[in-house]
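This report describes selected features of a structural model. Please consult the sequence and the coordinates alongside the text.

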Amino acid sequence: VADDTAAIQRALDAAAAKRDTVFVPAGTYLCSTLKMHPQTGLYGHPTFSYKSPGGAVLKLRDANVRCLLDITGAIGVTVEGLCLDGSNGLGQGIHGILLDKPDFGKQEDALRIERCRIANFSGHGVLLSRVWCFSIRHSMIAFNKGNGIRLRGWDGFILDNWLSGNGLAGLGAYDENAAVTITANRIEWNATGGIDIRSGYYYNITGNYIDRSGGPGISSAPSLSSRS
């Protein structure tokens, strides 16, 4: 019932000095935005199911923020084994994980999101804007009002995830995007389609199961940069 933002942020700040990882024990932690630092990790033991979170749950408590977990500028960051819970769509346009840079920069982001459940946010589950080198693996990104994953960038791997029941597409890439491998994902029940790519190129899309989409399973079209 307490606001755990300050306590967890202190741990993340301390980890930054040693390029270390913060372990989150099982439990539910009410949080506003948490800011991660370069070459650090945030880790828990995943025990979630399809319909409910489990293990370490970071639950959004603030309706006036952009995201729960901000990884902007956190080169080499790892988020693993956590449930990020958007509190049944609290607020408007709040994302689960956010990377939002003004440009692509001079260094690869090299971020990793693994074995996480990211669900019930009023924005996108994961929003990566101007990302360069990333992987999202073995995660469930579901029931968000925006896209499961909203991508602007390149050089990524999206492997063995559930992208389910989102308000837009399971994966939406509407600005500059390229060179992404999308393999062995289950992409289902998304309102506007499974994989929606605008002006993208050099994709490797293989072995995905796309089911019950509200639009095309896979679509490609000219850029729709005004969509967010």
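## Basis of the model

The model is predicted: local features need pLDDT of at least 70 and side-chain atom pairs count only at pLDDT 80 or more, whereas totals for chains, interfaces and linings use all residues. Residues are numbered from 1 along each chain as its sequence is written, and side-chain values use heavy atoms, with hydrogens and water left out.

## Helix H1

Helix H1 comprises 14 residues (residues 5-18). Helices (H or I, at least four residues) and strands (E, at least two) are DSSP runs, numbered from the N terminus. The expected span of a helix is 1.5 Å times one less than its number of residues. Just after H1, arginine 19 adopts a positive phi of about 50°.

Thr5, Ile8, Gln9, Leu12 and Ala15 of H1 are buried (under 20% relative accessible area; exposed means over 50% and partly exposed in between, with a 1.4 Å probe and protein chains only). Viewed down the axis, the buried residues of H1 fall within an arc of 120°, so they line one face of the helix; the arc is that of the directions from the helix axis to the C-beta atoms. On the face turned away from this buried side lie the exposed residues Arg10, Ala17 and Lys18. The cover over the buried residues of H1 includes strands S1 (21-23), S2 (27-31), S3 (34-35), S4 (41-43) and S5 (56-60), where contact means heavy atoms within 4.5 Å.

## The open sheet

Eight strands form an open sheet in the order S2-S5-S8-S11-S13-S15-S18-S22, with parallel pairing; two strands pair if DSSP finds at least two bridges between them. S2 and strand S22 (209-211) are at the edges, each with a single partner strand, so one side of each is left without a neighbour in the sheet.

Within the sheet, S13 (residues 140-142) and S15 (residues 162-164) pair in the parallel sense over three bridges. Methionine 140 stands opposite tryptophan 162 in S15.

## Cysteines

Zero disulfides are found in a search of the whole structure, a disulfide being a pair of cysteine sulfur atoms within 2.5 Å. For cysteine 116, which is in no disulfide, the nearest cysteine sulfur is that of cysteine 83, 7.9 Å away. Cysteine 116 counts as buried because its relative accessibility is 0%.

Cysteine 133 is likewise in no disulfide, and the nearest cysteine sulfur, that of cysteine 116, is 20 Å away. With 23% relative accessibility, cysteine 133 counts as partly exposed.
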